[in-house]
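Thanks for coming. Please have a look at it before I start.

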Amino acid sequence: MSEFLDNEEWSTISDVEREYFFNDKLVEGNFIVCDNEDFTLLIDKNQDVIVNLFIGSQQEVTVPDDAAVIVDDLFEDCENLETLNLPKSIKAVGKNAFAAPNLKRINYAGTLEQWCDIEFYSAPFASGCALYIDGKRLEKIEIENKKEISAYAFAGLKELSSINIGKRVKKICESAFEHCAGVGKIVLSEDAEILEDGAFEGSNPKDGFEIDANNPKYKTIGNCIVDKTENSIIAGCDKSVVENGIEKIGDYAFTDCTFEEIELPPSVKEIGDGAFSGTHLKKIVLSEGVKKLGNNVFEYCAELTSAIIPATVKSIGKAVFCGCQSLTSIRAERGNKVYSAEGNCVLETASGKCIAGCKDSEIPDYATEIGAMAFYDCKELRSLRLPRGLRKIGVCAFTHIGAEELVFPATLSEIELSAFEGCKSLKRITFEGETALDSGDVFYGCAVLESVTAPKQYKKHYKKIFGGFKNGEGKKLKLEFVK
């Protein structure tokens, strides 16, 4: 590392204890520290150079040669940054490292194959920037002779004409081509063996998919990538047709597709996490035979107005209708032995746990628990009456709802983390009994919360929780205790 230790540009401090965040984890240790007016670099015991801090304000920034690691959020708040020059020495890039809001261009000094080796922990092109290699904008991806394409390698890279994964590429890691919106066609060779979850999530190729007929594991059916061994759809697009014989819609298979309806055959037994998230679906008619709905299956389907749960469904994940702002009708077919629907809510029949709802929900009186993320981001839920026998409210159950006033019944014993976080219209809350709050974060971000009313005998309990609470305007809450 003589470049840094001997160059007058850098001031050097030896063997200093420092820390940094990488992939949301705190890394601590002793490092050699090199500083100049723009960067702080850490050199670890393996002689890897870690770019730990950027304090410049230029429109064009060049990361120092020999840098190996870029920490989380490095350029996140750099509003002036438009062009970023990266050396070929980069091995790993932390979460949101390139999230500069006006970043337009990344110039990479290495080859396309070397870019595929970098460990990314979030989408490097989420800002909408372009990738330039050898001075040329990357508009078509053609990769051969690489065993593996790393996670998130091209995530967010838009307006690609095609993605052609050639021979000897055996593995495409998680989210490698996530949200490559505008891509024409995606082509896979006979050598592709492993497509991890979300490998093509949200890319929705305009010209569909093409897979070599000799590929032993994957094939195209109805313009979908299908895993032959599981009869499972790995990825689909607007032109897809789910043909009879398909047993599973895989995780994120149709994320961000723009179709308004899709027909599922009776052979489909399982729909994976986020399978239809962000689509333009207006109505869901699931075929009889579906047994399992994963987490976030229909999240942020903004045009969805109604949903029917078949009698065969035995398992429903969290946040199944999260952010479905137009949803007004939820029904469950008669004969379902696990779930029922009442008041536009989905409930576990045996336990009385409410696991999903919508803006027109009226939670029935027999509900004993509100499940995690049941009404998450249901901004249009303006009026909320909690059942008199309610005992528990789960994590993020009502995050970002639009209610102005809440009354918590005396039976309620527990409210978990972030249950009402970000409820920006919430002004008044009333507790009728002694309710344990997971932490002060239960009401974090409730910007206009004005008052809390509670029984006098629990004054000590609620003063401890809300005594130092300030709303988004910096005002302390009015605490009122009544008999």
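How many salt bridges does the count come to? The count comes to 17 salt bridges. Keep in mind that this is a predicted model. I will go through some of the pairs.

Start with lysine 91 and aspartate 48. Their side chains meet in a salt bridge, at 3.1 Å from N to O. The two residues are 43 residues apart, and the pair links distant parts of the chain. Lysine 91 sits in the loop between E7 and strand E8 (92-93), while aspartate 48 sits in the loop between strand E3 (39-43) and strand E4 (49-54). Lysine 91 has a relative accessible area of 46%, so it counts as partly exposed.

Next, lysine 170 and glutamate 193. They form a salt bridge in which the closest N and O atoms are 3.5 Å apart. Lysine 170 is in the loop between strand E15 (162-165) and strand E16 (171-172), and glutamate 193 is in the loop between strand E17 (185-188) and strand E18 (194-195), so the bridge ties together parts that are 23 residues apart in sequence. Both ends are partly exposed: lysine 170 has a relative accessible area of 34%, and glutamate 193 has 40%.

Now aspartate 377 and lysine 379, whose side chains meet in a salt bridge at 2.5 Å, N to O. Buried or exposed, what is aspartate 377? Aspartate 377 is buried, because its relative accessibility is 6% and the cut-off for buried is under 20%. Lysine 379, at 41% relative accessibility, counts as partly exposed.

There is also a network of salt bridges, which links Lys248, Glu270 and Lys292.

Asp73, Glu76, Asp77 and Glu79 gather on the surface in a patch of negative charge. One of them, glutamate 76, is in the loop between strand E6 (67-70) and strand E7 (83-86). Glutamate 76 is partly exposed, since its relative accessibility is 31%.

Strand E7 brings us to the sheet. Which strands form it, and in what order? Five strands form an open sheet with mixed pairing, in the order E5-E7-E9-E11-E12. At the edges stand strand E5 (60-62) and strand E12 (136-137); each has a single partner strand, so one side of each has no neighbour in the sheet. Inside the sheet, E7 and strand E9 (residues 105-108) run parallel and are joined by four bridges. As an example, leucine 84 has isoleucine 106 in E9 as its bridge partner.

Note on methods:
Residues numbered from 1 in each chain as written. Predicted model: local features only at pLDDT ≥ 70, side-chain atom pairs only at ≥ 80, totals over all residues. Heavy atoms only, no water. Patch = residues over 30% accessible without salt bridge, like charges linked within 9 Å, V, L, I, M, F, W, Y side chains within 5 Å. Areas by Shrake-Rupley, 256 points an atom, 1.4 Å probe, with all protein chains shown as cover. Salt bridge = Lys/Arg side-chain N within 4 Å of Asp/Glu carboxyl O. Lys, Arg positive; Asp, Glu negative; His and termini not counted. Charge placed at Lys NZ, Arg CZ, Asp CG, Glu CD. Buried < 20%, exposed > 50% of the residue type's maximum accessible area, 1.4 Å probe, protein only. Pairing = 2+ DSSP bridges.
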